[in-house]
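Hi everyone, thanks for coming. Let me put the structure up on the screen, and then we can walk through it together.

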There are 2 protein chains.
Amino acid sequence: MPKNRVVDRPIILGIVGDSAAGKTTLTAGIAAILGQDRVACICSDDYHRYGRKERAERKITALHPDCNYIDILEQHLRLLRQNQPVLKPVYDHRDGSLAAPEYVAPKPYIIVEGLLGYHTRAMRDCYDVKLYLEPEEELRIRWKIQRDMGKRGYTREQVLAQIKDREHDTQAFIRPQRTFADIVISFYPPEDHAEETGSQLNVRHILRPTLPHPDLSPILDRGTNSGLHLELSRDTDGKPVDVLEIRGDIARGRAERLENLLWSLIPEASHLRANVGAFDGSGPQMSHTLALTQLLIAYHMVKAAMGEHAI
Amino acid sequence: MPKNRVVDRPIILGIVGDSAAGKTTLTAGIAAILGQDRVACICSDDYHRYGRKERAERKITALHPDCNYIDILEQHLRLLRQNQPVLKPVYDHRDGSLAAPEYVAPKPYIIVEGLLGYHTRAMRDCYDVKLYLEPEEELRIRWKIQRDMGKRGYTREQVLAQIKDREHDTQAFIRPQRTFADIVISFYPPEDHAEETGSQLNVRHILRPTLPHPDLSPILDRGTNSGLHLELSRDTDGKPVDVLEIRGDIARGRAERLENLLWSLIPEASHLRANVGAFDGSGPQMSHTLALTQLLIAYHMVKAAMGEHAI
């Protein structure tokens, strides 16, 4: 929590995207920067109305609003925003069952990640910052196979069949939520490494004018486009946006300058920098694009807590 | 729901009392009169924070407020009163485990029965009518043995040991709630049938002036005290109250006259009378005292729905 925080209710971040879009990874990284004990993380999958077996019987996917307690998720977001605790339902991804609920107390920051977080106006009105994750589709499928086979007990064939079964609902209910995000984040492999799924991924941030984005001109003006690029563009729907591109192979020094710039813009949160650890780029799993994405989001959360996002 | 109902939020009845005080039986009877599809019944045992095994490990009884999600129960009562649904936790009495929550939509009438329903001011403020059940203690113990051995898999020795273990918390947390009730209801055996647990029980209603009670004088004036008696008295705390006594062996004609009088006082709800069935007193399990008690409470619920209890 920044010093001199002025907003005395939780600041709520929404992270919406299709299955295996990278929501959990991004949530964990942002929570680490803001401080684990100051963040409550809620996965909206916990609001599934039916377990895995009952979904199969009813021939309904987890992506369908009717398969989720949408009105209860709305209610819980509203209550948390009012600094009240909730008794959150629990969905167990390991075996697809519904379990006993758990008590969630409000924290200074709340991250709500899931499939249908922007489905209703009442939910959308609860967030301070709204992200939509839209990785390149081939990359998402590779991520989904890795995760569902590794952690959820599915076979490769089951994962591919599920993606096919869900395509209709993805199109009908998930993708339409993209339009409500302040920032659309797309990870994608570099041209010469189409199979890349990790640290060398590039990232594109589509920055909508619904949030005051940080002024990156001090970095952008300094030299050539070595891995970092900001450009006025049109979104897929024709609307004007800024597009920030960060390449996976960005030079370490340039990444550091962007990092330093962002921290300098939120001096109230300088003590949080210790949460990030040394930014040395030496580990094989170190991803500059992921780390900088997390920091950009954390920047917005801190600014919101300072009351500077009430534009 | 009475015709011309004027209150457009649920009317909430509280039924509080110790374990096996007769809460569930009374709840079922009142719900039957008001109409099953118009009543939502909530058992506050569902708000236990710990299952049976964890309570034993923590050496805490189910009667202790710390063993219950009191703040969530408060929140859910408030939400229901505001015509909003809740996702209610579930406690499975059969094996003492916590289960997946269930969706409860608001209904015209809500009955909330349990151990700690009047523990906080915020909860008490949610009810329209508040009952406290206080059967004679020997009778309660007989009821508890019957039920816990029959439905919850305990032995007789376990039930008696549990009563002893719980005595401290009963004294500390359950009995102090008596003072908040509008009506204190005590079933007790007739003098010559000390072992009676069913249809021949007498009942005493202590009527506090916190509700406008029905005018029973047309019945009381008519003849002798044949099983029905109303008297000004002092409660155990010295406060003035009316005490209504109905004997288990009340004459059938007199019970019918009381029944007719009560229905005549709520003509808006005359269509509900079909829910009660023929009041012929012929079945071996027919209890005039239980039936009249249920009707007196239903009377108050209908009056509250008509906006006539906002004294």
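About 1000 Å³ of space lies in the second largest pocket of this predicted model. Which residues sit nearest its centre? They are Gly22(A), Lys23(A), Thr24(A), Thr25(A) and Arg147(A), out of 44 residues in the lining. If you sort that lining by class, you get 15 nonpolar, 16 polar and 13 charged residues.

The biggest contributor is H5(A), with 6 residues.

Let's turn to the largest pocket, which has a volume of about 1200 Å³. Here 48 residues form the lining, and the closest to the centre are Gly22(B), Lys23(B), Thr24(B), Thr25(B) and Arg147(B). Among the elements that give two or more residues are strand E3 (86-92), strand E4 (97-104) and strand E7 (183-188) of chain B, along with helix H1 (23-34) and helix H6 (156-174) of that chain. H5(B) provides the largest share, 6 residues. By class, the lining of this pocket divides into 19 nonpolar, 13 polar and 16 charged residues.

Next, the place where the chains meet. For chain B and chain A, that comes to about 1500 Å², with 60% of it on carbon and sulfur atoms. On the chain B side, keep an eye on Gln75(B), Leu87(B) and Tyr103(B): they supply 33% of the area that chain B buries against chain A, more than any other three residues.

Finally, a look at one helix, H3 of chain A, which covers residues 70-81. Which of its residues are buried? The list is Ile70(A), Ile72(A), Leu73(A), Gln75(A), His76(A), Leu77(A), Leu79(A) and Leu80(A). After H3(A) comes Asn83(A), and its phi is positive, near 70°.

That's my tour, folks. I'm happy to go back to any part of it.

Technical notes: Residues numbered from 1 in each chain as written. Chains lettered and ligands numbered in written order. Predicted model: local features only at pLDDT ≥ 70, side-chain atom pairs only at ≥ 80, totals over all residues. Heavy atoms only, no water. Helix = DSSP H or I, 4+ residues; strand = E, 2+ residues; numbered from the N terminus. Expected span 1.5 Å × (residues − 1). Buried < 20%, exposed > 50% of the residue type's maximum accessible area, 1.4 Å probe, protein only. 1 Å grid on protein atoms, 1.4 Å probe; cavity = no way out; pocket = protein on both sides within 12 Å on 5 of 7 lines; lining within 4 Å. Points joined across faces, edges and corners; volume = space filled by probe spheres on them. Nonpolar A, V, L, I, M, F, W, Y, C, P; charged D, E, K, R; others polar. Buried area = accessible area lost by both parts, 1.4 Å probe.
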